[in-house]
Amino acid sequence: VAGTGALPACAATDSKAPAPSASSLPTSTISDAEVAPLQLFSSSTFNDEALFALGGASSQVSEVGEIMRIAQTINSRTGNPGDPGTDAFDAYFDVFGEWGDNLQKLADQVGTAHPVTRSNRLMRAATYSTQQLFFVLGTSNGSREEQAFQVTQDRWSAAIDTFTPAVRRGQVSSQWGPLPVYFFPARGSGKKPTVIISSGSDGQNVESMQFGVTAGLERGYNVALYEGPGQMSLLFKRGIPFTPDWDKVVAPVLSWVRKQPEVGKVALVGVSFGGMLCASAAAKVKGLNAVVLEPAAYSMPKLWSDTESVEIVRKTQGAPPAEKEKVQAEVNEGFLKRWPDMSRTEQFVLYKRGEIFSRQVLEEARAGKPISDYYALVEQMLKFDFEADYKQIRIPTMLTSNQGDEFFADPPKQAFEFLTNVPASQKVLLNLTAAQGASLHDQPIGPQVAQEYIFDWLDDMLR
C-alpha cells in the first residue's frame, strides 16, 4: 500500500518531409538498467529531479557547473544516501536554496544595467527554487510549500519581464476561477504558428522553457503557457486539485489565445501528466490544429503501483453505502498502520503524488501528518482514465515515448493503438532513446533532442 507509483499534440505527414518513426530514429542497445547516463545522487528520487535542473542548461535556465557543485555540496552534507531521510531532504532544500538566493542577490546587484545577465541569473535562481519546491514536503517543514512556489514564480516572472517582444499576461475565466495565461509573441509581423504548452503534475513555468518555450521562439512560433487546476498558483496558493475534465481547462485558454492578433494555426503540447490530460482536450476542444502528448499515457489507475488498493476501491464504487464505508475504513486503517514503517522517501512520494488530487492530502502533507483517507485519494485517481478520449481524437497527433521511462513505461505504445480515428499519415509515435541522450521520463537531459523532432513535425503541420 506504499502507492509509490507514477506521477511526478500534433502530427501528420506531407510531401515535404516524412514524419519521424521508430524505424527512422536512432536505436539503442543500452539496457533499461543503464538508461540513466549520470548519477548525481544515489537516490533515484533525488537524481531524477536533479537531472531536469541539469537539462535546463539547454535553455539557459540552469548552469551545468552550478548543478554539479550543488550536488557535490549536498552529498558532502548527507553522505549521499540511497534512501534519504528527512535530514537529507532538508540538506537538498537548503543547498539549492543557498544557490538560488545568491543568484537572486547577484541579479539584483546588476539591476537594469545588464538586462541579459539579470534575466539569466533570475532564471537559474527560479530553477533552483523549483528544486526546493519539489522536495519541500519531504523536509522537516512542509508548510513552506506555498512560499517556495511564490519565490520560484516571482523569479521567473521578473526574468520574462526583460523579453522582447514583451510577454503578454492575461487571465481567462473558468469554473475554477481565473486561470493565468502567458503569451510569448514571436518576432516579426504577420500571423505565426502557435503552441500552447500544458505543464504536468509538478512542472513550473520556468521548466517549460526547456519544454518548448525556447525552442518555439527560436523557430518563430508564438508560445502560450497557462496554469490550470492542480498546477502552480491554483494548487499551491488556492488549493485546487486536478480535474479530469481538462477540455474545460484548455477551451477558454484556446479562445483567449486565438484572440491575439499574431496567432495562426494552433497546436497543444501536453508535458508529462499533461500528456495524459491533454488527450481530453484533443478529443473534445474545437479549434486545435494538432496535438503533441509527451510522453503519452492514458490511465492514472494503471500507473499507480499499489494495484491491490486500486482494485479494492474500483470494485466498491457501485457497492451499497454501508459496505463501501466499511471497506473505506479498512483500507484507511491498514494504510495508517503502515505509515510509521514507511521510509521518508515513500512518505514523500505519497505526499507529492497525492496533493495534486486532494486538498486534504495537500494540507496533511504540509503539516507532516499521515494521509488519513487513502481510499478517497485512490478513488479520485480512478477518474483520470482517458482511453475513450484517445479513441475520439481526430486531429494530427504525435505521441512520444522514452526508453527507461520510470513512470510511464509502455503506456505510450498502448495509447498509440487507441488513435483509431487519426489517419495513419497523421499520427506518429516518437521513440526517444538512451543512445540519443533522451532516455528517462520527459528526457530530462535531452530536451533539445526531443524539441528538434517535435518542432520539425509541427513545422509540417502548422506552416
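Guide: Let's start with how covered a residue is: buried means under 20% relative accessible area, exposed means over 50%, and partly exposed is in between (1.4 Å probe, protein chains only). Take Arg169, which has a relative accessible area of 40% and is therefore partly exposed. One caution before we go on: this is a predicted model, where local features need pLDDT of at least 70 and side-chain atom pairs count only at pLDDT 80 or more, while totals for chains, interfaces and linings use all residues. Residues are numbered from 1 along each chain as its sequence is written, and side-chain values use heavy atoms, with hydrogens and water left out.

Visitor: Okay, which residue does Arg169 pair with in a salt bridge?

Guide: Side chains of opposite charge can pair when their charged atoms come close. A salt bridge here is a side-chain nitrogen of Lys or Arg within 4 Å of a carboxyl oxygen of Asp or Glu. Arg169 has Asp161 as its partner, with the closest N and O atoms 3.1 Å apart. Asp161 has 53% relative accessibility, so it counts as exposed.

Visitor: How many salt bridges turn up in the whole structure?

Guide: The search finds 19. One of them joins the side chains of Asp108 and Arg118, at 3.4 Å from N to O. That pair links distant parts of the chain: Asp108 sits in helix α3 (residues 86-110) and Arg118 in helix α4 (residues 115-135), 10 residues apart. Helices like these (H or I, at least four residues) and strands (E, at least two) are DSSP runs, numbered from the N terminus. Asp108 is partly exposed, because its relative accessibility is 44%. Glu218 and Arg219 also form a salt bridge, and there the closest N and O atoms are 3.8 Å apart. With 61% relative accessibility, Glu218 is exposed, while Arg219, at 26%, is partly exposed.

Visitor: Let's go inside the protein. Is Asn222 buried or exposed?

Guide: Asn222 is buried, because its relative accessible area is 0%. You'll find Asn222 in strand β4 (residues 222-226). Contact means heavy atoms within 4.5 Å. Leaving out residues up to four places away in sequence, Asn222 touches Phe183, Phe184, Pro185, Ala186, Lys192, Pro193, Thr194, Val195, Glu262 and Val263.

Visitor: Which side chain makes a polar contact with the side chain of Asn222?

Guide: That of Thr194, at 3.1 Å. A polar contact is a pair of N or O atoms within 3.5 Å; within protein, one must be able to donate a hydrogen and the other to accept it, and residues adjacent in sequence count only if both atoms are side-chain atoms.

Visitor: What about the backbone? Where are the cis peptide bonds?

Guide: Most residues other than glycine have a negative phi, and most peptide bonds are trans. Here, a cis bond joins Thr164 and Pro165, with omega about -5°, and another runs from Glu294 to Pro295, with omega near -20°. Pro165 is in the loop between α5 (145-160) and β1 (168-172); Pro295 is in the loop between β6 (290-294) and α10 (300-303).

Visitor: And which residues have a positive phi although they are not glycine?

Guide: Look at Ser272, with a phi of about 60°, and Asp442, with about 65°. Ser272 lies in the loop between β5 (263-271) and α9 (273-284), and its relative accessible area of 5% means that it is buried. Asp442 is in the loop between β8 (427-432) and α18 (447-462), and at 4% relative accessibility Asp442 is buried too.

Visitor: How many residues of α9 are buried?

Guide: 11 of its 12, so to speak: α9 is mostly covered. Among the buried ones are Phe273, Met276, Leu277 and Cys278.

Visitor: How do I read the span of α5?

Guide: The expected span of a helix is 1.5 Å times one less than its number of residues. α5 has 16 residues and reaches 23 Å from its first C-alpha to its last, close to the 22 Å expected. Its buried residues include Phe149, Trp156 and Ile160.

Visitor: Last one: what volume does the largest pocket have?

Guide: Rolling a probe the size of a water molecule over the atoms shows where empty space is left. On a 1 Å grid over the protein atoms alone, a pocket is an open set of points where a 1.4 Å probe fits, with protein on both sides within 12 Å along at least five of seven lines; lining residues have an atom within 4 Å of a point. Points are joined across faces, edges and corners, and a volume is the space filled by probe spheres set on them. The largest pocket comes to about 580 Å³. Of its 21 lining residues, Phe163, Thr164, Arg187, Met209 and Leu217 are the closest to its centre. The largest share of the lining, five residues, comes from α4.
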